Amino acid sequence: MTRGNRSIMIVVLVALLAPGLGRVALSQVGTSTETPRKTFTISGTVGVPGVKFKGLPGDPVSDDQGRFSIEVPNDLNGYVMPIKEGYVFNPPFVAFGPTSRIDNVHFTARVVTFAISGNVGVPGVAMKGLPGDPVADSQGRYRAQVEYGWSGTVTPAREGYCFEPAERVYAQVTADQGNQNYKALRVTFEISGSVGLPGVVMK
């Protein structure tokens, strides 16, 4: 077979095989048997924005209306736990799975509070600056609840008395503040003058 004949044979073989190769390539692209993974949506409300949800893929966060929504695999087992500093939630978490989906779950948020308490030594002292304007009881004791992160200045006040310290400043309270005591001092005044004679008793 001459070189020319061999060239003709190669061209003929390529022409015969090309359509079949094209069909094989198309069949491999267009006949995928992979089934798309099914999902379901977990959504609900938590009442406050910026709440993170532990246990869900992607660590979703509630929007400015306190809502959240995320798709999870249909066969996923897990739980949803809302977390935000300064808050507790009811319920604390909710479990879910293929047979216990939670399409619409609602959490109730409550701000964590702390107590500021102590003794001012005398009754009837107004603790100015504390929420609720508490007044010391008959034993000089006082107590007030403040929200997580509360800041303010507390000044004890009662006519005829001054106190040490004169005030207490609080910044970003994140724990109970006990034994916040004050010392009460009676205010006194000096009366002086002259009667013109020695030995006069001033009754």
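1. A residue is called buried here when its relative accessible area is under 20%, exposed when over 50%, and partly exposed in between, with a 1.4 Å probe and protein chains only. Because its relative accessibility is 13%, Q180 counts as buried.

2. This is a predicted model, in which local features need pLDDT of at least 70 and side-chain atom pairs count only at pLDDT 80 or more, whereas totals for chains, interfaces and linings use all residues. Residues are numbered from 1 along each chain as its sequence is written, and side-chain values use heavy atoms, with hydrogens and water left out.

3. Q180 sits in the loop that runs between β14 (168-170) and β15 (183-186), strands being DSSP runs of E with at least two residues, numbered from the N terminus. Its side chain makes a polar contact of 2.8 Å with the side chain of Y170, the term denoting a pair of N or O atoms within 3.5 Å, of which, within protein, one must be able to donate a hydrogen and the other to accept it, while residues adjacent in sequence count only if both atoms are side-chain atoms. The side chain of Q180 also reaches the backbone oxygen of G178, at 2.9 Å.

4. Leaving aside residues up to four places away in sequence, the contacts of Q180 (heavy atoms within 4.5 Å) include I116, N119, Y142 and R168.

5. Strand β1 (residues 39-45) is joined to β3 (residues 67-73) by 7 bridges in an antiparallel arrangement, and T41 has E71 as its bridge partner in β3. With β7 (residues 105-106), β1 runs parallel through 2 bridges, and there G44 stands opposite V105.

Key. Pairing = 2+ DSSP bridges. Helix = DSSP H or I, 4+ residues; strand = E, 2+ residues; numbered from the N terminus.
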